[in-house]
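Student: Can you walk me through this one? I'd like to start with the packing.

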Amino acid sequence: MSKLRCVVLIAAFKFGAASAAEPPVVQVDCSGASAAPVVGGLAQLNAMRFAPGTRILFRRGVTCHGSFVPQAGSSGVAGRPIVVGSFGDHAAGRAVIAAGCREAVSDPDQAITRAARTAHGISPYRSLCRSDGDGGKVARAAIHLRNLQHWEIEGLELTNDGLTEGARVGLLVQLEDFGVGSHYRVRDVYVHHVRGYLKDAPGSEHVYKETGGILFNITRHGVNQRKTRFDDVLVENSEIFHVDAIGLSTRSAWMCRVGGAPCGDYAPYKNKEVALSAAAADDYTPSTNIVFRNNHIHDIGGDGIVVRTASKPLVEANLMHDIWLRAAGNSAGAWAINTDGARFQYNEIHHVRYQQPWEPGDGMAFDADLGTRDTQVVANYSHDNEGGFMLFCGCGDDGLGHPAQSSGSVVENNLSINDGRRVIVFAGSQSAIVRGNLLLNTQPGLVSPAAENTGMGSMNAGDIRNNVFYHGGNAGTLFRVMNPALRHDDIRWSGNRFFGYQASAEFKAAQFVEGDAVNVSAPAASFDPEAAARNWFATTGYTERSYRR
């Protein structure tokens, strides 16, 4: 009998012998220093099928090279999830699963990677690989859960590095023709050095926004397709660092609906593999109970957090910075697309870069994108984002002949400081309310107009009311005019206070449409931005409810 077969049988016997009070435990030590029944590597681990309640524990301080891909049928059940964690001396550090190169430089304090960044921040990917070591083979993910549910993962370190780009993810949870996949918990996981794509690669079945740190992805292939969604997903207290292209995201191929994001972006409609007909409008199957909380996401090639095709996802208390450092396409800090009722609250986002030559370009903290409805952006702290604070985007159609605009967005009680290029961008908004926000410009030489209407052929409707706009240089402007004929007549300005904005022709032009309350303009010297910011932190409870290290 082979050694591998013996280990599997021992583990299976152990599972059967365990009582309900003592769930089966599988220990993994990839150092080779432990005898059976401790599992000695990922090949042995991947040969097992896990019962509900199983605890899979990796030895701390040890690196397992390769991918952990549990077998089909290895799902937990309600009340008895499969838990992945670690064992051993805490002082040894995290247990590591490294799906990429086997020979790599150690960078425990991120100093080597940070040192490779340019002064401006937009920087190439810094691989830690000494050599390829895998003959060019690309592992899809360090951990890949496919058609499994009731899993909890905590305390691990995941990498998927490479000398060249590839379709890589740190943690990938994938459902296909599954129905409802329930209960996923990711806690205190450190994902770093994942070298995905920076743009769509010819011949790859994966687009660049399917690569990066942590991805919950619903795909569709084959004949007997079944509507599928996630329910009950929590990612919290984790760190994602130096990954391409996306930090943390949900995606779904069951996304087609009237007024939604373009159906043709996903299989089976992509490249006309299946004809896109009116019947596709019934595909829409949003994921539910999605929570991304208290994560640190930084040094990201493209987007920070993206929620797609979901109902009422919650994104709160995350710290995101140094976003859009490498990707070829437009990117932003945290945003929703084709999603209803997304709520972003108590997040801090700073230093999202803006990359040329994109025009009008992203690079802002938040975005209510194509096909979103009732997005809420409340009590967030946004600062030093080169592309601005808030984008409303609907500059396209759903693939079925209807506009894919954002609607019902509410942006209120946020603090924006020195968000550049423009503060608010309208690029396709059916309706939006921007109210009660504190929008400060204290950086000399930063123009940062209050609003921009991109004029991309879409309706750009918004109610901007009861906000404070401050420009410390007394040089504030209302609009960034991209075209002399550009109008802003779908935007209403009501009850705003402008400090340091020129009471000039801008306030009297056709582009400025006053709403139901008078707007007031005053010199910058009549307003104290530091006191206003302190008051915002005190009254919102932001410090107590934001990211906790």
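Student: Leaving aside neighbours within four places in sequence, what is Ile56 in contact with?

Tutor: Ile56 touches Val26, Val28, Leu45, Phe50, Phe68, Ile82, Val83, Val84, Gly85 and Trp151. Contact means heavy atoms within 4.5 Å. This is a predicted model, with local features needing pLDDT of at least 70, side-chain atom pairs counting only at pLDDT 80 or more, and totals for chains, interfaces and linings using all residues. Numbering runs from 1 along each chain as its sequence is written, and side-chain values use heavy atoms, without hydrogens and water.

Student: Which residues have the most contacts inside the largest nonpolar core?

Tutor: Leu45, Ile56, Phe58, Phe68 and Trp493, in a core of 109 residues. Such a core is a set of buried Ala, Val, Leu, Ile, Met, Phe, Trp, Tyr and Cys residues joined through side-chain atoms within 4.5 Å. Strand 28 (residues 388-393) gives the most to this core, with 5 residues. Strands are DSSP runs (E, at least two residues), numbered from the N terminus.

Student: Switching to Glu152: buried or exposed?

Tutor: Glu152 counts as buried because its relative accessibility is 14%. The cut-offs are under 20% relative accessible area for buried, over 50% for exposed, partly exposed in between (1.4 Å probe, protein chains only).

Student: Where is Glu152 placed?

Tutor: In strand 7 (residues 151-154). Neighbours within four places aside, Glu152 is in contact with Pro81, Ile82, Val83, Val84, His183, Arg185 and Arg187.

Definitions and conventions
Helix = DSSP H or I, 4+ residues; strand = E, 2+ residues; numbered from the N terminus.
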